[in-house]
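Hi there,

Here is the structure I promised to pass on to you. Have a look at it first, and then read my notes below.

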Amino acid sequence: MKKFKWIPPFLMLLSGAVVSIVMFIRGCGTTQMLLWLLGVMILFYMAGCIIQRQLTKFVTQIMEQEAQEEAQRLKEAEEEQEALHTQENEEEA
């Protein structure tokens with residue numbers, strides 16, 4: 001789904017910003033900060049991909065269920081129309 005494609009990069013960048021700010025406030029060295037930043041960004045990108053996959057699967061299941069319900073409603077409406085048509089034919093005869 002297109003609307004979920006921005007979840008992994010957004011989580012990655014948000015976590016990167018938070019880690020950068022926290023490490024800067026703590027006064028960590030540049031090398032240590034970059035290593036932590038890289039690790040956290042990779043971890044949160046993977047987490048975002050998992051979340052994106054689960055949301056896409058969830059929305060797809062909902063859409064399939066709605067399609068099945070609509071098909072069932074249409075089938076029931078057709079059966080009712082056939083029953084009414086048969087009943088009208090019997091009354092005419």
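Let me start with R73, which is partly exposed at 48% relative accessibility. Please keep in mind that this is a predicted model.

In one, the side chains of R73 and E69 meet, at 3.8 Å from N to O. Both residues lie in helix 2, four residues apart, which is about one turn of the helix. In the other, E70 pairs with R73, and here the closest N and O atoms are 2.8 Å apart. E70 and R73 are separated by about one helical turn, because they are three residues apart in helix 2. Together, E69, E70 and R73 are linked in a network of salt bridges.

Next, the surface patches. E76, E78, E79, E80 and E82 form a negative one. E76 sits in helix 2, which covers residues 30-92, and is partly exposed, with a relative accessible area of 39%. There is also a nonpolar patch on the surface, formed by L38, I42, L43, F44 and M46, with about 480 Å² of accessible area together. I42 is found in helix 2 too, and counts as partly exposed at 45% relative accessibility.

Finally, how many disulfides does the structure hold? The number is zero. As for the cysteines C28 and C49, C28 is partly exposed at 22% relative accessible area, and C49 is partly exposed at 25%.

Happy exploring!

Notes
Residues are numbered from 1 along each chain as its sequence is written. This is a predicted model: local features need pLDDT of at least 70, side-chain atom pairs count only at pLDDT 80 or more; totals for chains, interfaces and linings use all residues. Side-chain values use heavy atoms; hydrogens and water are left out. Patches are made of residues with over 30% relative accessible area and no salt bridge: like charges are joined within 9 Å, nonpolar side chains (Val, Leu, Ile, Met, Phe, Trp, Tyr) within 5 Å. Accessible areas come from the Shrake-Rupley method with a 1.4 Å probe; for residues, only the protein chains shown count as cover. A salt bridge is a side-chain nitrogen of Lys or Arg within 4 Å of a carboxyl oxygen of Asp or Glu. Lys and Arg count as positive and Asp and Glu as negative; His and the chain ends are not counted. The place of a charge is taken as NZ of Lys, CZ of Arg, CG of Asp or CD of Glu. Helices (H or I, at least four residues) and strands (E, at least two) are DSSP runs, numbered from the N terminus. Buried means under 20% relative accessible area, exposed over 50%, partly exposed in between (1.4 Å probe, protein chains only). A disulfide is a pair of cysteine sulfur atoms within 2.5 Å.
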